[in-house]
Amino acid sequence: QVQLVESGGGLVQAGGSLRLSCAASGRRFSSYAMGWFRQAPGKEREFVATISWSGERTYYADSVKGRFTISRDNAKNTVYLQMNSLKPEDTAVYYCNADPTTSYPGQYWGQGTQVTVSS
């Protein structure tokens, strides 16, 4: 069992940056791949980025490649999403996810954090 708590969302102007954090509980955190997904109003939840348990492999949606960076600190049981050059279309609720398979989510979700990008 893994419990996930996201933080760091907010309102930012287009071109700005935010860093999301996801704090995980549970001793098996370092054995899980971790990921970020997002859901915009009226749209389905979509893949953003995932990172392997060691941090050596990362995967990104084409829409965020080159702008977002996923990372993790296993000593702190935390995964991060650094978001740069934000666009209005990045506006969504961002969810942390444990045990994903590349771009497919695992069974554990956080409660989500709202990111709003104004034009």
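The mean positions of the 12 positive and 9 negative charges of the protein lie 4 Å apart; Lys and Arg were counted as positive and Asp and Glu as negative, with His and the chain ends not counted, and each charge was placed at NZ of Lys, CZ of Arg, CG of Asp or CD of Glu. The structure is a predicted model, in which local features need pLDDT of at least 70 and side-chain atom pairs count only at pLDDT 80 or more, while totals for chains, interfaces and linings use all residues. Residues are numbered from 1 along each chain as its sequence is written, and side-chain values use heavy atoms, with hydrogens and water left out.

The secondary structure comprises 0 helices and 11 strands, where helices (H or I, at least four residues) and strands (E, at least two) are DSSP runs numbered from the N terminus. The radius of gyration, taken over C-alpha atoms, is 13 Å, close to the 14 Å that the globule rule gives for 119 residues, so the protein is as compact as a globular protein of that length; the rule is 2.2 Å times the number of residues to the power 0.38. The C-alpha trace spans about 40 × 25 × 25 Å along its principal axes. Of the 119 residues, 45% are buried, buried being under 20% relative accessible area, exposed over 50% and partly exposed in between (1.4 Å probe, protein chains only). Among contacts (heavy atoms within 4.5 Å) between residues at least 6 apart in sequence, 55% join residues at least 24 apart.

Side chains of opposite charge can pair when their charged atoms come close. The structure holds 4 salt bridges, each defined as a side-chain nitrogen of Lys or Arg within 4 Å of a carboxyl oxygen of Asp or Glu. Arginine 38, buried at a relative accessible area of 5%, forms a salt bridge with glutamate 46, the closest N and O atoms being 2.7 Å apart. Glutamate 46 is partly exposed, at 37% relative accessibility. Arginine 38 also meets aspartate 90 in a salt bridge (3.0 Å, N to O). Arginine 38 lies in strand E4 (residues 34-39) and aspartate 90 in the loop between strand E8 (78-83) and strand E9 (92-98), so this pair ties together parts that are 52 residues apart in sequence. Both arginine 38 and aspartate 90 are buried. A network of salt bridges links Arg38, Glu46, Arg67 and Asp90. A further salt bridge joins aspartate 62 to lysine 65, with the closest N and O atoms 3.1 Å apart; aspartate 62 is exposed, at 67% relative accessibility.
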